[in-house]
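Subject: Structure handover

Hello,

Please find the structure below. My notes follow it.

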Amino acid sequence: MATKEFKAESKRLLEMMIHSIYTHKEIFLRELISNASDAIDKLYFKSLTDDSVGLNKDDFAIEIKLDKDARTLTITDNGIGMTEQELENNLGIIANSGSLKFKSENKLDDESQIIGQFGVGFYSAFMVAKKVTVITKAYGSDKAYKWESEGVEGYTITECEKDSAGTVIILEILADTDDEKYSDFLEQYRIKELVKKYSDYIRFPVKMEMKKSRRIEAEGEDKDAEPKYEDYTEIETLNSMVPIWKKNKTELTDDDYNRFYIEKFMDYTNPLKYMHVKNEGNATYNALLYIPSKAPYDYYTKEFEKGLQLYSNGVLIMDKCADLLPDYFSFVKGLVDSEDLSLNISREMLQHDRQLKIIAKSLEKSIKNELSKMLKNEREKYEEFFKAFGLQLKFGVYNGFGMNKDTLKDLLLFTSSAENKLTTLEEYVSRMREDQKYIYYATGESVARIEQLPQTELVKDKGFEILYLTENVDEFAIKMLMNYDDKEFKSVSASDLDLETEEKKEELKAKEEENSDMFKLMQENLNGKVSKVRLSKRLKSHPVCITSEGEISLEMEKVLNAMPTDQKVKAERVLEINPDHAIFEKLTALYSDDKDKLGKYSQLLYNQALLIEGLPVENPVEFSNLICELM
Ligand code: ADP
């Protein structure tokens, strides 16, 4: 029988694992027990609707056997088993090499960190075993197979004998070294401890044959004689089998919740928050919900799948039930266990299940309340949350034509010109001055960039606070909100800022009319690049700026045009000239003396304004030549 090679990635992972540090090695047991439990789950689920399985709930179990002489640890389950093909597919490659991908994208330098926290399934057996043998028979099949491997060299699969469906995994434990005492894993007290620590909630009994000894007191014996002992064995169930979510909150510590999260949801850091919800009434369910502390590497991609595990009375019916979470709370991980759901329900039917909808609504409320509470009472934590997932909330405001904006608007944070801190809209409004009509905002790539925008000068000068919008979605979300607490949002680039005094307004109007011919000529010189040239009411020290009129702002133009569609949009641009800047006098002088040069100045100023705005100069070579010419 030829030895087959592992796929390249699997080989790497195996090597990593074999060299991982000792404290991480113990998780192999949790991984194998959890696989066994999953396999039993599948057969148990079948048995509920199919009598031919021939097993009752109490018949299902996971058994551990230790043999110190042979140095073997054996884990047996009577679950669904594997066919030859499944053996090949599941154990020959790492089907879901998520952990490796995660590593390469997050540049974890400590490889063992992934192993320790993540769990890498079946392969972790090689951290403690020099040889692994898997004997398995799939339910419904009449053939059994044996898979054997001594690690990176490869594996063999041969046909063998096995009576009933299920899987036996035999580990030949490594010899002790100076640093690592693998023999520990052959000690029953140690195994018992590990099962309690990692696998207590497993729903099926994890049994171990415990070798015990007791004193025998024979009758009429001499009191001073040596006491006699006899050995006997007893099967003990090591785990309590009560799933953590069914336990009382008072029985559980933060540590219990956090450890469960890390094991179950494959994160490598504690969650930011956990919620243990017990609901009765129109929907009866237990839920354990977690907010991760960081966004998963694929969170903001198409590959990310939202969803909660769904249990019906302790039986897993779906691993990722998407219908339980709205998109804007898709970062939540966890599980829901309800008695109200029918076990026989198919996935397709589940989508239309009334009960499921009620549960989803109720969960959404719980999540929102928890977030609001965090925002109110644990601001720092909330800001950490918002850094990871705030973008998703903003998308939530924008998506669906704003149908969820009222749910989400009070959960939003924006950077504000007031001390450059994050602020809620409610806080902003509470700081608004009596003479302030609008909630002002400015858009740009970064706070530093926005602060330099000429358009922000006047608003800040008036002492009004400005929201700094730095994410692409920000302005779209703001436009969708339209107003907050009856206060309208207003861009500092809007043409109708309306900040100047009546007197100043009159003065500007007069000046504007006086120079209208010049502005017209400048606009013509710019060949349709701008729809208007006019005096600016907002500039203080800067000579020019570009603003937009109409629905599409310059920032939105940038965002929309970066999207992979053919449709390109163009904001209606306006070139504004500062009437109090020396350049304005220069322009009026040129208008009467040298109209040709005025054209060149118009080009120059327009390009300058583009640069300040962070927009590309249309023809850099021409622009550069023009500067030299005028110099
Ligand atoms: P994961 O459990 O994360 O999918 P593993 O490497 O632990 O990854 O296992 C790979 C696959 O092998 C499992 O998904 C399952 O299909 C199969 N498998 C592992 N152990 C067993 C078992 N005891 N009984 C049946 N199938 C198993």
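How many Å apart are the mean positions of the positive and negative charges of the protein? They are 2 Å apart, for 89 positive and 119 negative charges. Lys and Arg count as positive and Asp and Glu as negative, while His and the chain ends are left out; each charge is placed at NZ of Lys, CZ of Arg, CG of Asp or CD of Glu.

This is a predicted model, in which local features need pLDDT of at least 70 and side-chain atom pairs count only at pLDDT 80 or more, whereas totals for chains, interfaces and linings use all residues. Residues are numbered from 1 along each chain as its sequence is written, and side-chain values use heavy atoms, without hydrogens and water.

On overall shape, the C-alpha trace spans about 130 × 60 × 55 Å along its principal axes. Of the 631 residues, 50% are buried (under 20% relative accessible area, 1.4 Å probe, protein chains only).

One residue I looked at is Gln436, which is buried with a relative accessible area of 7%. The Gln436 side chain makes a polar contact with the side chain of Tyr428 at 3.0 Å (a pair of N or O atoms within 3.5 Å, one able to donate a hydrogen and the other to accept it; residues adjacent in sequence count only if both atoms are side-chain atoms).

Regards
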